[in-house]
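Biologist: I have a new model open and would like to learn how to read it. Could you walk me through its features one at a time?

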Amino acid sequence: MDQPRKPDLVIGVGARRGVSVDEVTGLVAAALAGAGLAPGGVAELATVQAKAGEPGLLAAAERFGVPLRGYGAWMLAAVEVTNPSTAALTAMGTPSVAEAAALLAAGPGGELLVAKRTSEPGAGRPSRATCAIARRGPRNGRRPAVACPDGAQ
């Protein structure tokens, strides 16, 4: 008999200040559905440390019932991604937040399943969220141990 699969999806999220929980959760839900992935497979949300206290991201993680993990911009900048952004580089010091955070949290052998997606802009305002989805590597679904000099993980 097949055992239920442990949650092994990591959602990398990027956000502008003041992003709403509905914008984040709507984007993540659409990305999951578009890839044929179940929300119950989500193990954690990951972002850049500077955004880890953003209320909309914290509330989104709470809605999914998972932790929100922040990584230093220097750590994200070291991750090779398919969709680098000059806007993210200018604003956050890393060419990627969503894809890099998803891949970093997925650990060795992790696989990017959904490349960076952007939320829909609102009336008279730009989109405020991005997300990417990765599947954790085969190391028992555990995230890698990473040394962070500033204590951020």
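Biologist: Let's take helix α1, residues 21–34. What span should its 14 residues have?

Modeller: Keep in mind that this is a predicted model. At 1.5 Å a residue, helix α1 should span 20 Å, and its end C-alpha atoms are 20 Å apart, so the two agree.

Biologist: Which residues of α1 are buried?

Modeller: Here is the general idea. An α-helix has 3.6 residues a turn, so residues three or four places apart point the same way. In α1 the buried residues are Val21, Glu23, Val24, Thr25, Leu27, Val28, Ala31 and Leu32.

Biologist: How do I read the nonpolar core?

Modeller: In soluble globular proteins, nonpolar side chains tend to be buried together. In this model the largest nonpolar core has 23 residues, and Ile11, Val13, Val24, Leu32, Leu45 and Ile133 have the most contacts inside it. Two or more residues come from each of β1, α1, β2, α2 and β5. Helix α1 gives the largest share, six residues. Apart from this core lies another, of 20 residues, including Val10, Ala46, Ala73 and Val79.

Biologist: Take leucine 32 as an example. Which residues is leucine 32 in contact with, leaving aside neighbours within four places in sequence?

Modeller: Leucine 32 contacts Leu9, Ile11, Leu37, Ala38, Pro39, Val42, Phe64 and Ile133.

Biologist: Let's turn to charged pairs. How many salt bridges does the count come to?

Modeller: The count comes to five. One of them joins the side chains of arginine 135 and aspartate 8, at 3.1 Å from N to O. This pair links distant parts of the chain, with arginine 135 in strand β5 and aspartate 8 in the segment before β1, 127 residues apart.

Biologist: Is aspartate 8 buried or exposed?

Modeller: Aspartate 8 counts as buried, because its relative accessibility is 11% and the cut-off is under 20%.

Biologist: Which residue forms a salt bridge with glutamate 23?

Modeller: That is arginine 125, with the closest N and O atoms 3.0 Å apart. Here too distant parts of the chain are linked: arginine 125 is in the loop between β4 and β5, glutamate 23 is in helix α1, and they are 102 residues apart. Glutamate 23 is buried at 10% relative accessibility, whereas arginine 125 is partly exposed at 28%.

Biologist: Where do arginine 69 and glutamate 44 lie?

Modeller: Arginine 69 is in strand β3 (residues 68–71) and glutamate 44 in strand β2, so their pair ties together parts 25 residues apart in sequence. Their side chains meet in a salt bridge of 2.9 Å, N to O. Glutamate 44 is buried, with a relative accessible area of 2%. Shared partners also join Glu44, Arg69 and Arg136 into one network of salt bridges.

Methods:
Residues are numbered from 1 along each chain as its sequence is written. This is a predicted model: local features need pLDDT of at least 70, side-chain atom pairs count only at pLDDT 80 or more; totals for chains, interfaces and linings use all residues. Side-chain values use heavy atoms; hydrogens and water are left out. Helices (H or I, at least four residues) and strands (E, at least two) are DSSP runs, numbered from the N terminus. The expected span of a helix is 1.5 Å times one less than its number of residues. Buried means under 20% relative accessible area, exposed over 50%, partly exposed in between (1.4 Å probe, protein chains only). A nonpolar core is a set of buried Ala, Val, Leu, Ile, Met, Phe, Trp, Tyr and Cys residues joined through side-chain atoms within 4.5 Å. Contact means heavy atoms within 4.5 Å. A salt bridge is a side-chain nitrogen of Lys or Arg within 4 Å of a carboxyl oxygen of Asp or Glu.
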